[in-house]
Amino acid sequence: MKVLLIAPPGAGKGTQGVVIASHFGVPHIATGDLLRDHVTRGTELGRTVQQFLDRGELVPDEIVLEMVREAFEAAQGGGYVLDGLPRTMSQARALYEIAVELNMTADVALHLQVRDAELVNRLLARAKLQGRADDTEVVIQRRLELYYEVTHPILEWYGERGILVSVDAMRPADHVGRHILTALEVLRQVIDGSPGLSRRPVVLTGLGAAFGASA
Ligand code: ADP
């Protein structure tokens, strides 16, 4: 299973990314975690990216794309859950090229939908628990602004490619997790079982998710 997770900050990408990755036994590649790890370890890359992270700005493409290429090469053509990239249309195109080259194009772009007020509440609650430098009100607003400006529009592209699945992520995390796994299991059967079928659009009624596999 090859999954791209696309969602605003606070929607639960990290939480659901771990759930999906452990269910399918694939690596969870989270660009934010990889970047924060560099900052914590004080590497040269960490020093370069820290200011971007602290301000909620996007790190330059070449840095994040190189990270993902390395992680994809380590995953050796298998499955993955990619969390945090693409965040822009140019990253989406570059990722597609890398994935084609390594024979790892995504089966599904999973979009987690959450209303803004709930996102802000979740991020402020997390700030108290984890103290992430970018979970302050000002930086949260900037991250949300960037999400709507440059990330949200790429969903349309995945819709056109026929791999977009949108789920309601307003409910408690374990409900959302079960919903996602149900949708992905149905999708897996379509992908594994019937190559012909995968070329037609599929609608999952009652699950609130709709997808069609790419032609
Ligand atoms: P969130 O989605 O909650 O903002 P992430 O952990 O995914 O959290 O990302 C944290 C920060 O890492 C972002 O605000 C940005 O500075 C940087 N980052 C992560 N992924 C990317 C990416 N694909 N392109 C540019 N910057 C990124």
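Predicted model: local features only at pLDDT ≥ 70, side-chain atom pairs only at ≥ 80, totals over all residues.

Trainee: What is the volume of the largest pocket, and which residues are closest to its centre?

Mentor: Start with the space itself, which comes to about 920 Å³. The lining of this pocket counts 44 residues. Closest to the centre you'll find Lys13, Arg36, Arg126, Arg132 and Arg143.

Trainee: How many residues in the lining of the largest pocket are charged?

Mentor: Sort the lining by class. There are 20 nonpolar residues and 12 polar ones. The charged residues number 12.

Trainee: Where does the ligand sit, and which element gives the largest share of the shell around the ligand?

Mentor: The ligand sits in the largest pocket.

Trainee: What share of the ligand's area does the protein bury?

Mentor: Let's look at some contacts on the way there. Lys13 has a polar side-chain atom 2.5 Å from an oxygen atom of the ligand, while for Arg36 a side-chain N or O atom is 2.9 Å from a ligand oxygen. Arg87 also has a polar side-chain atom 3.0 Å from an oxygen atom of the ligand. On its own the ligand exposes 550 Å², and the share of that buried by the protein is 96%.

Trainee: Now for the cavities. Which element gives the most to the lining of the largest cavity?

Mentor: There are two cavities of 30 Å³ or more, and the largest has a volume of about 50 Å³. Its lining includes Leu4, Tyr80, Met104 and Arg161. Both α5 (89–101) and α8 (154–161) supply at least two residues of this lining. With four residues, the element giving the most is α5.

Trainee: How many charged residues are in the lining of the largest cavity?

Mentor: Go through the classes again. Nine residues are nonpolar and no residues are polar. For charged residues, the count is one.

Trainee: And which residues line the second largest cavity?

Mentor: This cavity holds about 50 Å³ of space. By class, its lining has five nonpolar, two polar and two charged residues. The names are Leu5, Ile6, Ala7, Lys13, Gly84, Leu85, Pro86, Arg87 and Thr151.

Trainee: Pro86 is in that list. What is omega for the bond that joins Leu85 and Pro86?

Mentor: Find Pro86 in the loop between β3 (80–83) and α5. Most peptide bonds are trans. The one joining Leu85 and Pro86 is cis, with omega about 5°.

Trainee: One last thing: what is phi of Gln76 near?

Mentor: Gln76 is in the loop between α4 (61–75) and β3. Most residues other than glycine have a negative phi. Gln76 has a positive value, near 45°.

Conventions
Residues numbered from 1 in each chain as written. Heavy atoms only, no water. 1 Å grid on protein atoms, 1.4 Å probe; cavity = no way out; pocket = protein on both sides within 12 Å on 5 of 7 lines; lining within 4 Å. Points joined across faces, edges and corners; volume = space filled by probe spheres on them. Nonpolar A, V, L, I, M, F, W, Y, C, P; charged D, E, K, R; others polar. Polar contact = N/O pair within 3.5 Å; in protein donor to acceptor, adjacent residues only side chain to side chain. Areas by Shrake-Rupley, 256 points an atom, 1.4 Å probe, with all protein chains shown as cover. Sits in = over half its atoms within 2 Å of the grid points.
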